[in-house]
Amino acid sequence: MADVEIVGLMASGQHRYDRRPGTEVPPQDDDRRDALVVRAGFGAVGDRYAGKPAHRDASVTVLAVESLDALAAELGVPPFDPLLARRNVVLRGADVDALRGRTFTLGGVTLLGGRAANPCRWMDVVLAPGAHRGLRGRGGVRCRPLTDGVLRLGPAELVVDPAV
């Protein structure tokens, strides 16, 4: 069990980083949330991947803000807006990569950590040159929601089920 902080929540009805990267950061404000409703087997309500069969096991993405902070320091740029990485949930104080293959409960919502959430080339445009490569291996985890619930910005409890 760990006390963590949810520093970012996002649900987007459309794909903001579609096709090849452009040169401008698409508007993001409509995607930011103070609370995110999650449904078992469905995903984040209002998100483009929710309810899509191809994303059933990967409908909620979780990222550690520490990964972004470390990358910004490595690239010598100011800290990034964590929601520009387009992950549904951004946490502070959790080893998100260790959640792959694990069942965990965050703020009352139970998720099954799945495959890595790999970054796209847009990261070089919306974060900084080199961010696409720099986020490889630390871009977060795609999760399947196992229970319904609401995640809210602020302090939260993270409980990871013991390894089998």
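1. E8 covers residues 141–145 and is joined to E4 by 3 bridges, the two running antiparallel. Two strands count as paired when DSSP finds at least two bridges between them. Strands (E, at least two residues) and helices (H or I, at least four) are DSSP runs, numbered from the N terminus.

2. This is a predicted model, in which local features need pLDDT of at least 70 and side-chain atom pairs count only at pLDDT 80 or more, while totals for chains, interfaces and linings use all residues. Residues are numbered from 1 along each chain as its sequence is written, and side-chain values use heavy atoms, with hydrogens and water left out.

3. Val62 also has Val89 as its bridge partner in E5. E5 (residues 89–92) runs parallel to E4, with 3 bridges between them. From E4 the chain passes through helix H1 (residues 65–75) to E5 in a right-handed β-α-β crossover. Right-handed here means that, with the strands pointing away from the viewer, the path from the first strand over the helix to the second runs clockwise.

4. Strand E4 (residues 60–64) is largely enclosed by the rest of the structure, because 5 of its 5 residues are buried (under 20% relative accessible area, 1.4 Å probe, protein chains only). Val60, Val62 and Ala64 point one way, and Thr61 and Leu63 the other.

5. A 3-stranded open sheet has the order E3-E2-E9, with antiparallel pairing. E3 (43–44) and E9 (149–152) are at the edges with a single partner strand each, so one side of each lacks a neighbour in the sheet. E2 (residues 35–39) is joined to E9 by 4 bridges, and Val37 stands opposite Val150 in E9.

How values were computed
Buried means under 20% relative accessible area, exposed over 50%, partly exposed in between (1.4 Å probe, protein chains only).
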